[in-house]
Every structure is written in structure tokens, then in C-alpha cells.
Amino acid sequence: MLKSILNGVEALITVCDPENFEILFLNDSIREYFGIEGDGIGQVCYTLLQNLDKPCDSCPYLRLQTEPDKTLIWEHREAVKGSILRKTARLIDWPGGKRAHLEYAVDITELRKAQEASEHREQMLGVLNRATFVLLSQSGETFRDTMTAGVGLIAGIVHFDRMSMSQNIENPDGLYATQIYRWSKQTGSAIPAVEELTRNSYSRHIPRWKDVLASGECINGPVRLMPEADALKQFGCLTALAVPVFICGKFWGFVLFEDLTEEREFTKDETDILRAASFMLVNTVIRNEEAAKIREAERYV
């Protein structure tokens, strides 16, 4: 009856002899979870379940032997599958007149991932708020330093190695993207724009980008998987995120974030943060340009 009850539970249940670590019972859930064939009875738990030659560091057996009425609860990162389990262990009476160690585990991997994602999202928002304050404080005299500080804050939490801004220019033969600002994590400051990208035709090099970005969508993912891989690989980035920017409802251009060391796709949270950051960065550049025009005009008044 006890075994029938334990087999009906979705949690991962192990019952072992607390003296020699031999398995007395595994329920159906844990055998399915680890892909164990047979009942496992008589085998050593740490070898069968963890592929170890000695008890796990987190093994509660010794503590339970000294505190037999204790119920222990802890979290454990599974060595074989890499999942996170919340475990509960205690000694129970087992058929045959012996005491047995029962371990009850629930997979909380997705819960922890959600919690970590939420915490990271809060951290990113906090950094975005700090960057906003920095960027709004810029003046013509402090523009470069302000941009460097603002971009550096955002790169520190979202992890990109290079960032550039490209503004759209309408020419008789089509739409061009002109790179007007470029930043590098390696130098921690602005770097010269790529000369060939200061007048770059969408139709010639990145035809897909014009329609995708103009629709409000991002270009996101490993460069080698993009149709434009041949045109992009010369710049040394492994991952690219191009975020469209709209000013007064018009497709102004895009901000490009690059990862030079890892192939990945920016997460939705990261993309949302970088959308907001892109708008702020572009507006900082526009404000600086307008302020420069006003200062220039004042010289002739």
C-alpha cells in the first residue's frame, strides 16, 4: 500500500538504507526522470542517481542519524541533468522493522529561472534608469563623456561588446543607412565610424533589414544564421541585434548591438531594455546636434 501511494506521487521519491546507502525503493516518477530501467533496488543511490563513487556533499544521512526526528529541506543542483531540485528528507519506518531514509524532491528549475529572470529584469531597469539620468544631463561640452558613461552602464548589464547608430538618408537611388556613432567596450569609449558604413545602401548590403526594421521588428541572433552573413562577418561580430528607432513616427534608423565573443539571441527582456535605450541614445545624439546648430547660429548673431 505504501509503495502504491508513493508511485502515485509526481514528486521524485527515493527510499534508502541510511547505513549502507542501498536503494530500498524508487517511485515511477524518479525512474522516469533519470531514465532508470528496472526497480533499482539494492543499488547504491549516489552511483545510480548521481554517477558518483562516494556520497553527495549535500547528503543528509549523517545528520539524520544524529537527529532522527529532524525533517531537512534544501535545494540541490542535480549533477547529471543540471536541474534544481527542492529536496525534503527524513527517516521513516519501513517494512521489515527497519528505519529508512526517505527523500522527496520537486524540480523547481523553471521556477528558479523565472525568479532569476525577474531579478535580472529589475537590475536592467535600475541600470536603464541610471543611464537615463546620465544621458539627460549631457550638454554640448560633455556629450562624448556622457555618451560613454551611458552606453557603458547599459553594456555592463545587457552584455554587448560594440554599439553603433545608423541614421537613414533618403537618396534618389534608395534608402541609405549612415553610421553616425560607434562605441567599443574594449576601449570603453567612442571609436571612429566604419568608413564604408557612413553611406551604406540597404538594397546593396542588407536588403532584408529595411523592411523588417521599418515594420518595427528587430534583427536578432547569430550572424552566421542571417542571410546577410557574408556582408556582416567582415566586422567580426558573432551576434547582432539591430533595433529600429522611430522619431515622430518616422523610421529614423537603427541602433546595432554586437556580441563579439558569443553566439546567442538577445532575450525578450534584453531586447525590451535595449529598445528603450536605443531611443534615449538617439535622442541624446539629436539633442547634441541641435544644440551645436544653435551655438553655431549664435556666433553670427
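Mentor: Two strands pair if DSSP finds at least two bridges between them. Strands are DSSP runs of E with at least two residues, numbered from the N terminus. This is a predicted model, where local features need pLDDT of at least 70, side-chain atom pairs count only at pLDDT 80 or more, and totals for chains, interfaces and linings use all residues. Residues are numbered from 1 along each chain as its sequence is written, and side-chain values use heavy atoms, with hydrogens and water left out.

Trainee: Ok. How do β4 and β5 pair, and over how many bridges?

Mentor: β4 covers residues 84–94 and β5 covers residues 98–107; they are antiparallel, with 10 bridges. In that pairing, Ala 89 is opposite Glu 103 of β5.

Trainee: Which sheet do they belong to, and in what order do the strands come?

Mentor: An open sheet of five strands, ordered β2-β1-β5-β4-β3, with antiparallel pairing. At the edges are β2 (23–26) and β3 (72–77), each of which pairs on one side only.

Trainee: New topic: β6. Is it mostly covered or mostly open?

Mentor: Mostly covered. β6 spans residues 162–171, and seven of its 10 residues are buried, meaning under 20% relative accessible area with a 1.4 Å probe, protein chains only.

Trainee: Which strands does β6 pair with?

Mentor: One is β7 (residues 174–184), joined to β6 antiparallel by 10 bridges. Those two make a hairpin with two residues between them, and Asn 168 has Ala 177 in β7 as its bridge partner. Another is β12 (residues 250–259), also antiparallel to β6, with six bridges. There, Gln 167 is partnered by Gly 253.

Trainee: Why does Ser 164 count as buried?

Mentor: Ser 164 counts as buried because its relative accessibility is 2%. This serine sits in β6. Its contacts (heavy atoms within 4.5 Å) include Tyr 181, Arg 182 and Phe 254, with neighbours within four places in sequence left aside.

Trainee: And Arg 182, where is that?

Mentor: In strand β7. Arg 182 is buried but has no salt bridge, which would need a side-chain nitrogen of Lys or Arg within 4 Å of a carboxyl oxygen of Asp or Glu.

Trainee: Which side chain of opposite charge is nearest to Arg 182, and how many Å away?

Mentor: Glu 258, at 5.2 Å. Here Lys and Arg count as positive and Asp and Glu as negative, while His and the chain ends are not counted.

Trainee: What lies 3.3 Å from a polar atom of the Arg 182 side chain?

Mentor: The backbone oxygen of Pro 192. Pro 192 is also among the residues that Arg 182 touches, including Met 163 and Val 194.

Technical notes:
Helices (H or I, at least four residues) and strands (E, at least two) are DSSP runs, numbered from the N terminus. Buried means under 20% relative accessible area, exposed over 50%, partly exposed in between (1.4 Å probe, protein chains only). A polar contact is a pair of N or O atoms within 3.5 Å; within protein, one must be able to donate a hydrogen and the other to accept it, and residues adjacent in sequence count only if both atoms are side-chain atoms.
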